[in-house]
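Dear colleague,

My notes on it follow.

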Amino acid sequence: MASVTKDQVLAALADVLDPDSGQSVVASGLISGVVVRDGNVGFALEVDPDQGAAKEPLRKACETAVERLSGVLSVTAVLTAERPAGGQAQGQGRGHSHGHGHGHAHGGQAQARAPQADQLLPGVKSVIAIASGKGGVGKSTTAVNLATAMAAQNVRVGLLDCDIYGPSIPRMLNLSGQPEMVGERTLRPMANYGIKCMSIGFLVAEDTAMIWRGPMVMQALEQMMRDVDWGELDVLLCDLPPGTGDAQLTMAQRVPLTGAVIVSTPQDIALLDVTRGINMFQQVNVPIFGVVENMSYYICPACGHRAEVFHHGGARETAQRLGVDFLGEIPLDLEIRTTSDSGRPIVVTQPESPHADSYRRIAAGLIDKASAAVGGAGRAQPRIVMM
Ligand code: ADP
């Protein structure tokens, strides 16, 4: 069976009419980013942010129209929305409107707008990225447990959920509801377990089928730094979205990072991702504080037997080979999973457990590294690199 082509996809979409305008979705410029790979088709419908839910039937109609084509194996259509300049809370008129065709987030124009660290997070001494080469390796779980471990050591800690697409920190910290406004344009961070937290998950309904375009992601991220009353913090942990693509690279560059931690599982495939993660931060001159191996080994809850599920120790070897520090290992353990997924991090609920101990040790190491990196002079300035 011949694979479907982009032209065929566009021809099929041309027959789909937007009931609001009576025009074809293609003619009215709603369709963007059509990708066709081996019969798998993806594209976006650009809609006004206020119309997200209302446009869901149209998104479905587009998907169905393409699914009918011969040679199509899968179709993913997403609604994308741009927020007006500055969102509701700021209004600084940074030049984005509802229109289409803006430049890339990391283009030359974006460079010129790169924020100054002190403007963004004036009271924050150090900012540490928690990153991973791919999803599902336990990055957010690690971020939450490290944050709680830091809070337990009387470190003033915040956790910024930079995962605009799939924010999981609110659930893991058992936080819900909406942050309060302080004054006209500042949000008070939510807080639990001694951690101040901000996430797009507090501002957008979880089931909103919206994907934000690159520049808007950066704007939301900037707002979560600038327009949030973080107060005085020793450490702000940033849970980055998984992966090492353009979006992550731009974030690594825009957030005034003191250093980065890469979380990995021991599988070889993930280890390749470690290398990519390290390269990404090196590209933007952010120091790598080290690598954490998560789901490193398995201790049988029934008999206490320790089993190496994957090639245990791979992250340590990779770290050594790449000249970065190995920060520690966390086992694969059902308790870590259930506590994390139910918003009761193991460091808080089972502080006596060996796992809590492992997180505390890694956290202590990170605090040392962050203090050494910022020295007595406060936080290092962000390094802006032209690409
Ligand atoms: P990521 O942020 O990398 O996508 P998550 O932190 O969301 O990953 O973790 C993915 C899943 O794996 C979650 O259900 C989480 O509870 C579970 N998990 C994370 N770390 C561990 C671990 N060490 N042992 C068992 N389950 C874990």
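Helices (H or I, at least four residues) and strands (E, at least two) are DSSP runs, numbered from the N terminus. Please note that this is a predicted model, in which local features need pLDDT of at least 70 and side-chain atom pairs count only at pLDDT 80 or more, while totals for chains, interfaces and linings use all residues. Residues are numbered from 1 along each chain as its sequence is written, and side-chain values use heavy atoms, with hydrogens and water left out.

Strands

Strand β1 (residues 31-37) pairs with β2 in the antiparallel sense over five bridges; two strands pair if DSSP finds at least two bridges between them. Arginine 37 has asparagine 40 of β2 as its bridge partner. Of the eight residues of β2 (residues 40-47), seven are buried, where buried means under 20% relative accessible area, exposed over 50%, and partly exposed in between (1.4 Å probe, protein chains only).

Strand β11 (residues 233-239) has seven of its seven residues buried, so it is largely enclosed by the rest of the structure. Strand β4 (residues 124-131) runs parallel to β11, with six bridges between the two, and leucine 236 in β11 is the bridge partner of valine 127. Strand β5 (residues 157-161) is also parallel to β11, joined by five bridges; here aspartate 161 stands opposite aspartate 239 of β11.

The ligand

The ligand is surrounded by 18 residues, the closest being Lys139, Ser140, Thr141, Pro331 and Asp341; a residue is near a molecule if one of its heavy atoms lies within 4 Å of it. By class, this shell has seven nonpolar, seven polar and four charged residues. Ala, Val, Leu, Ile, Met, Phe, Trp, Tyr, Cys and Pro count as nonpolar, Asp, Glu, Lys and Arg as charged, and the others, Gly among them, as polar. At least two residues of the shell come from each of α5 (139-152), β13 (288-299), β15 (326-332) and α11 (334-341), and α11 gives the most, with four.

Asparagine 294 places a polar side-chain atom 2.9 Å from a nitrogen atom of the ligand. A polar backbone atom of serine 140 is 2.8 Å from an oxygen atom of the ligand. The protein covers 87% of the 560 Å² of accessible area that the ligand has on its own, as computed by the Shrake-Rupley method with a 1.4 Å probe.

Salt bridges

The whole structure contains 18 salt bridges, each a side-chain nitrogen of Lys or Arg within 4 Å of a carboxyl oxygen of Asp or Glu. In one of them, arginine 226 meets glutamate 222, with the closest N and O atoms 3.2 Å apart. These two residues are separated by about one helical turn because they lie four residues apart in helix α7 (residues 214-226). Glutamate 222 is buried, at 4% relative accessibility.

Aspartate 357 and arginine 360 form another salt bridge (3.3 Å, N to O), and they stand three residues apart in helix α13 (residues 354-374). Aspartate 357 is partly exposed at 34%, as is arginine 360 at 24%. Elsewhere, salt bridges that share partners link Glu56, Arg59, Lys60 and Glu63 into one network.

Yours sincerely

Key
A polar contact is a pair of N or O atoms within 3.5 Å; within protein, one must be able to donate a hydrogen and the other to accept it, and residues adjacent in sequence count only if both atoms are side-chain atoms.
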